[in-house]
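Hi everyone, thanks for coming. Let me put the sequence and the model up on the screen, and then we can walk through them together.

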Amino acid sequence: MEVRRLGFEKFGWISYASQTRVSKFTEYLEAGKIYGTKCVECGLLQFPPRAHCLRCLSNNFEWAALSGDCTLVTFTKVEAAPATFKEQAPYLLGLAEFAEGPKVFAWIDKAVEDEGLRVGMKLKLQSSKLANGQWGYMLTSST
Ligand SMILES: [Zn+2]
């Protein structure tokens, strides 16, 4: 009997390898640094880091330091949050573009007044320690 292959045979392995290969990301965040990955083959800069290039599918990448300087593209205020984030609501989510090119979707620091938010304003992406002790990043005021 012929076994039909669906194309997911390697998925677990690729997923595992990807996670392991970009685990340095957390160490950078812990040190207060923002790093993306740059594809060695085609030069595509990606954030958050990916072990595989979205454009050319190469797995040949190098770490690239990012300034954290961003421009706000759009944002939204979440009032009715999913159960996991209920205690944080209301909160702001933003899509911002790094000075270096890639776009990032992130939480906006509670210290930033939502009345003061404007599309096109400068923000800074910074690493932050989450309530659960893990490391993440958020958009904060650039000043
Ligand atoms: Zn590439």
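Let's start with a quick one: is Asp69 buried, partly exposed or exposed? Asp69 is partly exposed, because its relative accessible area is 35%, where buried means under 20% relative accessible area, exposed means over 50%, and partly exposed is in between, using a 1.4 Å probe and protein chains only.

Before going on, a word on what you are looking at. This is a predicted model, so local features need pLDDT of at least 70 and side-chain atom pairs count only at pLDDT 80 or more, while totals for chains, interfaces and linings use all residues. Residues are numbered from 1 along each chain as its sequence is written, and side-chain values use heavy atoms, with hydrogens and water left out.

Back to Asp69, then, and its partner. Asp69 forms a salt bridge with Lys124, with the closest N and O atoms 2.9 Å apart; by salt bridge I mean a side-chain nitrogen of Lys or Arg within 4 Å of a carboxyl oxygen of Asp or Glu. Asp69 lies in strand E4 (residues 69-78) and Lys124 in strand E7 (residues 122-129), so this pair ties together parts that are 55 residues apart in sequence. When I say strand, I mean a DSSP run of at least two residues, marked E and numbered from the N terminus. Lys124 is also partly exposed, at a relative accessible area of 25%.

How many salt bridges does the structure hold? There are 3. In another of them, Asp114 pairs with Lys77, and the closest N and O atoms are 2.8 Å apart. That pair links distant parts of the chain, with Asp114 in the loop between E6 and E7 and Lys77 in strand E4, 37 residues apart. Then there is Lys103, whose side chain meets that of Glu97 at 3.9 Å, N to O. Lys103 is partly exposed at 45%, and Glu97 counts as partly exposed at 34%.

Now for the strands around that pair. Strand E5 (residues 91-98) and strand E6 (residues 103-108) run antiparallel and are joined by 6 bridges; two strands count as paired if DSSP finds at least two bridges between them. Leu92 stands opposite Ile108 in E6. E5 and E6 form a hairpin with 4 residues between them, and Gly101 in the turn has a positive phi of about 125 degrees. On to E8 (residues 135-141): E6 and E8 run parallel, joined by 2 bridges, and Trp107 has Met138 as its bridge partner there.

There is also an open sheet of 3 strands, in the order E2-E1-E3, with antiparallel pairing. E2 and E3 stand at the edges with a single partner strand each, so one side of each is left without a neighbour in the sheet. E1 and E2 pair over 2 bridges, and Lys38 stands opposite Leu45 in E2.

Finally, the metal. Which residues coordinate the zinc ion? They are Cys39, Cys42, Cys53 and Cys56, each through SG, at 2.3 to 2.4 Å. Donors here are N, O and S atoms within 2.8 Å of the metal (3.2 Å for Na, K and Ca), and since water is not among the atoms, sites may look incomplete. In sequence, the donor residues are spaced C-x2-C-x10-C-x2-C. Cys39 lies in strand E1 (residues 34-39) and Cys53 in the loop between strand E2 (45-46) and strand E3 (61-66), so the pair ties together parts 14 residues apart in sequence. Cys39 counts as buried at 5% relative accessibility, and Cys53 counts as buried at 3%.
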